Amino acid sequence: MNFKKAGLDSCPLTLGSTDQSEGSILRSRWFPFFNFAHAQFIFKMAAVQGGMVDAKDELDIKSEPPSDGFGNSNANDGRLLSSSPGAGTGGTATGNNKPAPGPPEEQQTLLAVLQFLKKSKLAESAEILRREAGLPEDALDPKGTDASGSGPGLAAGSGQVDGVDASSLLSRVTVSSSAAAQAPKKAAAGEDQPDVSVVLSAYSQQGDPSLYDAYYSGLKRFIESVLDCHRAELSQLFYPLFVHMYLELVYNNNESVAKAFFEKFSGDQECYYEQDLRILSSLTKKEHMKGNETLLDFRTSKFVLRISRDSYQLLKRHLQERQNNQIWNIIQEHLYIDIFDGMPRSKSQIDAMSGSLAGEARREANKAKVFYGLLKEPEIELPLDDEDEEAENEEGKPKKKKPKKDSMGSKSKKQDPNAPLQTRIPLPELKDSDKLDKIMYMKESTKRIRLGSDNLPSICFYTFLNAYQGLTAVDVTDDSSLIAGGFADSTVRVWSVTPKKLRKVKSAADLNLIDKESDDVLERIMDEKTASELKILYGHSGPVYGISFSPDRNYLLSSSEDGTIRLWSLQTFTCLVGYKGHNYPVWDTQFSPYGYYFVSGGHDRVARLWATDHYQPLRIFAGHLADITCTRFHPNSNYVATGSSDRTIRLWDVLNGNCVRIFTGHKGPIHALAFSPNGKFLASGATDGRVLLWDIGHGLMVGELKGHTDTIYSLRFSRDGEILASGSMDNTVRLWDAMKAFDDLETDDFTAATGHIHLQDNSQELLLGTYMTKSTPVLHLHFTRRNLLLAAGAYNP
Amino acid sequence: MAEERRQKQCSVVLPTESMKAMAESVGVGQLQEDSCVALSEEVSYRIKEIAQDALKFMHHGKRRKLTTSDIDNALKLKNVEPLYGFQSQEFIPFRFASGGGRELHFYEEKEVDLSDIINTPLPRVPLDVSLKAHWLSIEGVQPSIPENPPPASKEQQKTESTEPLKVVKPGQEEKGTIQGKGQSTTTPDGKGKEKGLIRLKPRSTHELSVEQQLYYKEITEACVGSCEAKRAEALQSIATDPGLYQMLPRFSTFISEGVRVNVVQNNLALLIYLMRMVKALMDNPTLYLEKYLHELIPAVVTCIVSKQLCLRPDVDNHWALRDFAARLMAQSCKTFSTTTNNIQSRVTKTLTKSLFDDKTQWTTRYGCIAGLAELGADVIKTLILPRLTVEGARIKAVMEGPVVSNIDKIGAEHVQTLLLKHCASVIAKIRPQPDNVEQYRAEYGYLGPMLCSHVVKARTQATLQAQQVNRTTLTITQPRPTLSVSQSGLTGSGGPRTPSIIKVPSSLTLMSPRPGTPSQPSPPATKYIVMGTSAGAASTQQVITLSSSQSASPVTSTVPSATSTLQPLVKLESGGTPGLTASRPLQKYIVVSLPSSASSSLEPKSSVLPTSISSASLDGGIKLERSESPGVSTQSPH
C-alpha cells in the first residue's frame, strides 16, 4: 500500500507553501495533509485490524467483484473519511490546491491512492482527494497501476527532511515512519504494508508436501552434525524455517500434514517462541491466515538472522549438495541473513539477542547517530546563597563526577558533544512558574541523598486500597506532590499527597469579581469550597491504561481502551481535549520532559507524537509488528522509545520520525522502559521478568538483570542514575546497582563493531535489595527529587 | 516438559457435539457432521484468537486473572458485539447436565422477579478507593510492620529449620559483615547469596528493636495479666501479627520458663494462659515453630502429665488444661513430626512409659491417656485398648473399694470418662457387630459394659450420619470476612478474632449439667445450627460453628440426641459479647427441619439440651463444648 508514502510525500508539498505563509493560511494549508494522514491512517487500520473483513477484501479486489459485506465495510471507511475534521474543512481549503504535486513520483502515488479509492467505491473521497491534489479528472488511467511498484523507492527519498532546517517543528509536519530506515528491507519484501494476496501467494509454488518432513529433518540432522561452533548459529534457522514451512503447508491445504509437521517439530523450537507457536498452532486453515496479524507480520517482514560467514558457507554448501531447493527458497525469500566476518557466536550470545518476533535487528539498523546527551539547562538566576552552592559542590566531589552533574544546574558551559542542538526540536519557552519550579528543583537537589550500593534509598509505598483489581495505571508528579491512578472503571483519580488540598478554579462569574491586580490573585482564583484530597475525572469509556502528568503539573494525560487520549486540566479538573486517532486501545502515553509534546502508543501498532495544542498527531512512528505497550521520552525530548508486544524496543527520532534503534533480546512483551538520567542508557522490563540494559549510543545490550519472577511493570533510575529500581507483578521492588552495571561495561571494548556482547551473569551481584510487598503488585516507581523512592500499587487480597 | 504441554495445546478443538447443541439452541436442527467439523475448527480458532487478545487486556490491566471484561474488550477489538450480562468478578458457575447421551455445560440463568430485587434493601456501598502510605523500606531495611509481609516467609523458616545449611539467614550475608553496618539483623534480602564453597552457619545475633522490645513486654504482661480483655487482644496479636518472627525465640523461652515456675507453684491459671500463648503462636500463619519445639514441647507435656497442676486438685479443673495441652501436643505432632525428629514417637514413648507405670497417679494417668488419645485412632488402638482391662481393674479398685481419698476417686472417674469417650468410637470401627455386653466384659473387664453401650451409640450415630450425609449436611462456606481494609489497614487486627477459651471444660458438664455458657467473652463466631431430622429413629443435630476468624475452618460437629427419640432442638445462641470490633453483629442462622413423620409430635420440643445426665446428652454437651474449644477440628465420633 502506498498511502503512507502519500502521506510522507505530501509534506514537502505543504512545506513549500508554509515557508512564506503563516497564521491562518498556514493552518488551512495543513488540511490537505491531515486529510492524507487520516486516510493513510484509516487504511493502515484496515490492514492492522486484521479484521476478517478488510484484509480479505484486499485479497478479493483482484479476482471478484466486491460482495455486500465488502461494500459495507468500505462505506464505513468512507464515512469516517468524510467526517474527519480535515475533510470537513476541506471545502474552505480548496483555494490552495495550486501546490500540485511536483515530482512525477508523487503524482503517481496519489494516483495509486485515487485508484484504490475508486476501486473501493469511495467515490466521494476520491473526488475530494482528486480535487485537493489537483489531479486532472482523467488522471486515473491504467498507468496508475504501476505506481505501486515505484512506491518503495519513495520512502527512501523521504529522508530529505533531515536536512531541512526549518524554524519550527510544526512547519515540518511529517508523517514519518520507519519506512525510511527500513526501506531496503521493506522494499525487498515487496511492499511496506501487508498486501495480503502478494504475501500469501508466495507460498503457492511448492514441492511435495510429504517431503517437508524429510527436508526439515534432513536439515536438522545436518545442523546437529556440524561442529559445535557452527551449530548454535545454524540452529537459529530452525524456528523461521519451521514457521514458514508450516505456513506453506497450511496455505496449500495440507492440513493433516501440517499438523503432523507441527507436532513433530514444534518441540524443537526455543522456549521463548512458545507464545508465537501457540498462535501458530491454532492456525490450521488457509482461511485463518487472512486475518491473522502475527502471521502477516511474519510474512511481511523478513526474519533477520545473524550468521558468521563460515557458518553460512557451510549451510549453503550443504543445501546445494542436497539439492534442497525448498529450504533454499525459503531462506532466499523469507529470511534475511546478516552475514558477518569473524568468530561464530556462542549459544548464549545468540540467545541473548534473539526472541523477537522478526529475529534480531540488522546491524545497520542501529548505526544511525543518536544524540543521547542532555540539553543544556537554561541559566536561571539562582537565589541560592553561597554556602548552599558550596555544599553542593563538596557533596559532588568525592564521587566520580558524572556528565549529568554538569547539566544539572552547575555552571558548566561546555556543550555535551553527544547532545542534540538546543534547537533541534522546538521546545516551549519557560514560563515564570516553570522557572520557580526549576529553582525549587535545584534547591531540593542539593538536599538529595547520594545513593549507592551501601546507601540504599528508603521506599515509601502508596497502597491503593479497595481498588478491587481496578487499578491499571499510576503516575506521580515530578515534585511528588500529586499521585494519579487510572482505573478499569474508566475513571482517573488524582490525589494530593501533601497537606495542600486540590482546589478548582472558581467559576467564570466568580472570577469576574476578583481584583485582578492583587498580589495573591493566583490564590484568589481558587475555590476554597472545592478543596479535597481526591478529585475524580470522568470522561473515558474504557479502562484507563496510561496516565502522565505534565512537568508543570497543570495537565494530566490519560489514555484508554476507548481509543482516545484525554488531556485534563488540573486547575479546573475538567477534560480539555480528547485526542482521537488511535481508534484502538491506547496502552500508554507520556508527556515530554519539557511538556507540550506527548507520545502515545497502542494496539494499532503505531506510536504517535502529539502536541497538546494540535488535535492531530505530528508524527506517526510505524514499524512495530505488534501492539505498542509502552512509550517513553528521552530526557532530551529528541527521541522516543517504544516497547512492543513484538518483543522489540525501538527508538525514534522525534525530528524526522525515523527509527534509529531496534533492540531485540526480550522474550516477552515489554511493559516498562526507563532512560537513565544522563540519557545514555535505556532499561527495559518485560513479561519474561528480566530487565535488560541498553547502551543507546552504541546500540548494544549491555546488561541483563534477572531476579523477578513475573512481569515488570515499572522501572526507574534514581535521580543521579546510581540505582535502578524495578517493580513487578511478583509483588517485589528490587534495587539494582546501575553504577556498577554500567561501569563494568566501560572497560569493555566497544569498538568491536560486531555488536556481539558477552553478558556476564552477575545479576546477583548487582541486586542490592528485594522488598516484598503484601500481595500488592508494584505498578509504578518514582524517585523524589531527594531520592526517596515512591512505589505504588493496588492491594490485591 | 514445556514441549509436551505445547504439543497438547495445538490440537484442542471443540467437540462437534457442542456445535450441534449450539445449532439447536438457535433453531438449526440436523446439522451435517461435516459442517459440524468445519464449524468447530473455525470456532475453536476464533475462540483462541479472542483468548489471546483478551490476554493482552489482562496484562495491561495489571492482573493475573482473566476476567469477562477482558473477553469483552477483545471482542470489541474484532468489531464484535461484546457479550452483555456476563460481568462477574468471580468465576461463573457452570452447571452440568447429561441425558440422552449428551453432556452439557450450561450457565444457569434464573428467572428473577424484579420486585424482589427492587424490594431487597440496597447492599452496603463498597468502600471507595483510598490511598495509604507506609514504609516498605527504610534505608534498605524493611521494617516489620503489619503493612509489610513477614520478613521470613513460613516456607523459608521451614527450610531454615529443616535444612539449616541451605539458607543463609536474612541479614547475615557477607554484605552485612563486609560493610560492618549495623543493619545485620534485618536486611531483608531474602535470598542468601551463595558465594564461596564453605558455608558455615553464621552466628545469629538477636537484637530486637526498641519497638519490638516494648511489644514483647506489653504482650507478655497482657498474656499473664489479670485483664481478660487485654489478654484476648494480646493473644490475637500473637496469632495474627506477621512480624513476630524475630521475637519467636523470646516467646518460646518465656513460655518454657513460665511453665517451669508455675508448675512448681501450682498456678493453674497461669499455666492455662501460657498454653493459650502456645496455641496462639501455633495459629499464627506466618510462624514456623519447628526450631523452638525443644522448649515448647516439654512445657506442653508438663501441662499434660504433671502430677499436680493446681493447689486444690479436688476442686480446680486442671483436667481441662490437660485436655487442652494434649490437643496442642497432638497438633504439633501433626504439624512438625518428621522422620528426623520423630516427635510423635518420642512423645508417645514418654506417655506410654508413665501410663504403664503402676505407681503413676490418676492425674498423670489422665494426662497420658488424653495425650495419647488425641494422637488419633491408631494410637488408641495399639496403645490404649490393650490397657483397658488393666485400667478398668484399677478404676474398679478405687470406685468400689474402700474410700481412699476423694481426690483419687475424682481422678478415677475422669479417667473412666476419658477412656469411654475415646475408646468407644475406635472400638465401633474395628469390632464387628453385634455388641454383646458379656463379650465386652470378658474382653475389657470392668469397663466392658459401659463401653458396650457407648459403642452401640456410636454405631447408630455413624449409620445415621452415613444416611444423612448427603441430605442434611449443609456446608456453609461463608466468604472470608472481608476486612474493611481502609480502616484496619493491612493488619487484620480488625478481624474479630478472639482466641477461644477453655474455661468451661467438657468434664464439668458431667457434674453440673448446664449448657456450656462461656464465662469469657466468647468469640463472635457465627453459629449455624442446622438440625436435620430424618425419618429414622434418632436425630442428629449439626452444629456448625463458623468462626469468622481467618484461620479457623468451619467446625462441624454432630450432636447425637437421645438414642431413640426424635428431638428437634432449637438452640438459641446468645450473642457473645462482641469482640474488639463492636460493629460486627453476630449472625445467627437457625435452621430447623422437622421431620414429616408424625413422630415429631411425640416429643415436645425442649429448648435446651436435655438436662438429664444421660451419657447421651453428656456427649452432646461435650461436643458443643469442643466445637468451641480451640483448634482441634472436632469431628464427633461416629
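This is a predicted model: local features need pLDDT of at least 70, side-chain atom pairs count only at pLDDT 80 or more; totals for chains, interfaces and linings use all residues.

Biologist: What percentage of chain B is buried?

Modeller: Of the 638 residues in chain B, 47% are buried.

Biologist: And how many helices and strands does chain B have?

Modeller: Chain B has 23 helices and seven strands. Take its contacts between residues at least 6 apart in sequence: 65% of them join residues at least 24 apart.

Biologist: Back to the surface. Which residues form a nonpolar patch there?

Modeller: Val112(B), Leu114(B), Ile117(B) and Ile118(B). Together they have about 420 Å² of accessible area.

Biologist: Where is Val112(B)?

Modeller: Val112(B) is in the loop between strand 2 (102–107) and helix 5 (114–119) of chain B. Its relative accessibility is 54%, so Val112(B) counts as exposed.

Biologist: Switching to rings. How many aromatic pairs are there over all chains?

Modeller: The search finds 32. Take Phe681(A) and Phe742(A): the ring centres are 3.7 Å apart and the planes are at 5°, so this pair is stacked.

Biologist: Where do Phe681(A) and Phe742(A) lie in chain A?

Modeller: Phe681(A) is in strand 23 (residues 681–686), and Phe742(A) is in helix 26 (residues 738–746). The pair therefore ties together parts that are 61 residues apart in sequence.

Biologist: Which residues form an aromatic cluster?

Modeller: One cluster is made of Tyr216(A), Phe238(A), Phe242(A), Tyr246(A), Phe261(A), Phe262(A) and Phe265(A).

Biologist: Which ring does the charged end of Arg362(A) sit over?

Modeller: That of Tyr336(A), at 3.5 Å from the ring centre. In chain B, the charged end of Arg365(B) sits over the ring of Trp362(B), 5.9 Å from its centre.

Biologist: What does the pair of Glu444(A) and Arg786(A) tie together?

Modeller: Glu444(A) lies in helix 23 (residues 432–446) of chain A. Arg786(A) lies in the loop between strand 30 (780–783) and strand 31 (789–794) of chain A, so the pair joins parts that are 342 residues apart in sequence. Arg786(A) is partly exposed, with a relative accessible area of 34%.

Biologist: Which residue does Arg493(A) form a salt bridge with?

Modeller: Asp489(A), with the closest N and O atoms 3.9 Å apart. Arg493(A) is buried at 6% relative accessibility, whereas Asp489(A) is partly exposed at 47%.

Biologist: What about chain B: which residue meets Asp53(B) in a salt bridge?

Modeller: Lys56(B), at 3.8 Å from N to O. Both residues are in helix 3 (residues 33–60) of chain B. They are three residues apart, so about one helical turn separates them. Asp53(B) and Lys56(B) are both buried.

Biologist: Which network do Asp53(B) and Lys56(B) belong to?

Modeller: Salt bridges with shared partners join them to Asp627(A), Glu42(B), Arg46(B), Glu49(B) and Lys78(B) in one network.

Note on methods: Residues are numbered from 1 along each chain as its sequence is written. Chains are lettered from A and ligands numbered from 1 in the order in which they are written. Side-chain values use heavy atoms; hydrogens and water are left out. Rings of Phe, Tyr and Trp (its six-membered ring) pair if their centres lie within 6.5 Å; planes under 30 degrees apart count as stacked, over 60 as edge-to-face and the rest as tilted. Helices (H or I, at least four residues) and strands (E, at least two) are DSSP runs, numbered from the N terminus. A charge sits over a ring if NZ of Lys or CZ of Arg is within 6 Å of the ring centre and within 35 degrees of the ring normal. Buried means under 20% relative accessible area, exposed over 50%, partly exposed in between (1.4 Å probe, protein chains only). A salt bridge is a side-chain nitrogen of Lys or Arg within 4 Å of a carboxyl oxygen of Asp or Glu. Patches are made of residues with over 30% relative accessible area and no salt bridge: like charges are joined within 9 Å, nonpolar side chains (Val, Leu, Ile, Met, Phe, Trp, Tyr) within 5 Å. Accessible areas come from the Shrake-Rupley method with a 1.4 Å probe; for residues, only the protein chains shown count as cover. Contact means heavy atoms within 4.5 Å.
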